[in-house]
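Student: Could you take me through one part of this structure closely? I would like to look at aromatic rings.

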Amino acid sequence: MLFLFYMSSFNQVAKQLLFCMDFRYITDVLTDGGACEILQNGLLGKKEREQQMLKHGYLTYTRSCAWLGYSDQQLKHALRKGWTMFKVKVGADLQDDICRRRFVRKMIGADKITMLDANQQWEIKEAIEWVTKPAEFKPLWIKEPAFPDEGMHVQRGHATISKALELLGIGVATREHCHNQVIFKQFLQAKALSYLQIGSSRLGSVNENLSVLLMAKKFQSKSGLGDLCELVQHLIIFHYIPVSESLESKLIM
């Protein structure tokens, strides 16, 4: 169905595509009519974006360069593979995090992008303090900063962290906390996320991934797919060409 959407005219398949999505419980932010409008608007410049994908492909980052416990020698080896965007694990020890992030920044240079992943380790105040202290290293975002039970309380969890870190120009991302389109909707409504790193395999098939990507467009949120690149090729093409129309801050791992 997605292949037909890329290759066929809008009127041939748009209704069929939207019929496959379940808009129950998200109609307060997105209806089939609103989704149809987004797809209709995405026709403008569609051919140019198709050519861009064929020529340059989609932006990716590596998450295996700075695992907790890596020695400096292992970091050096991992950081010399030609990547320009790196995700660094944090959360075990603040001083160790600062040293590792300083080492990574020195190795990759000031122009490369770094991101952080705390794997749901912190309390709310702790998360803000932990990310704020080494803010000098300018991460693009921090992923999964709050421990699961607190993080799922959207207003008190991610929204509080997101508001505090926004002042530093640091975004908040999540994947594991959001396991369906309704949770994504609530996070978007609460402005609790600035980056959607969608775990496509956690959602209810391709159909639910599409509705989340359309909601991200509606909220003008930065979004990407947080699963292995080879598993989401069809989704990222759909995301870029008819939906987001932009590659700004769009990353997959």
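Tutor: Here is a close look at the aromatic pairs.

This is a predicted model: local features need pLDDT of at least 70, side-chain atom pairs count only at pLDDT 80 or more, and totals for chains, interfaces and linings use all residues. Residues are numbered from 1 along each chain as its sequence is written, and side-chain values use heavy atoms, with hydrogens and water left out.

A pair of aromatic rings is described by the distance of the centres and the angle of the planes. Rings of Phe, Tyr and Trp (its six-membered ring) pair if their centres lie within 6.5 Å. Planes under 30 degrees apart count as stacked, over 60 as edge-to-face and the rest as tilted. Searching the whole structure gives three aromatic pairs.

Take Tyr61 and Trp141. Their ring centres are 6.0 Å apart and their planes stand at 80°, so this pair is edge-to-face. Tyr61 sits in the loop between α4 (46-56) and β1 (62-66), while Trp141 belongs to strand β4 (residues 141-143), so the pair ties together parts that are 80 residues apart in sequence. Helices (H or I, at least four residues) and strands (E, at least two) are DSSP runs, numbered from the N terminus.

Tyr61 and Trp141 are both buried. Buried means under 20% relative accessible area, exposed over 50%, partly exposed in between (1.4 Å probe, protein chains only).

Now the setting. The protein chain has 12 helices and seven strands. Of its 253 residues, 51% count as buried.
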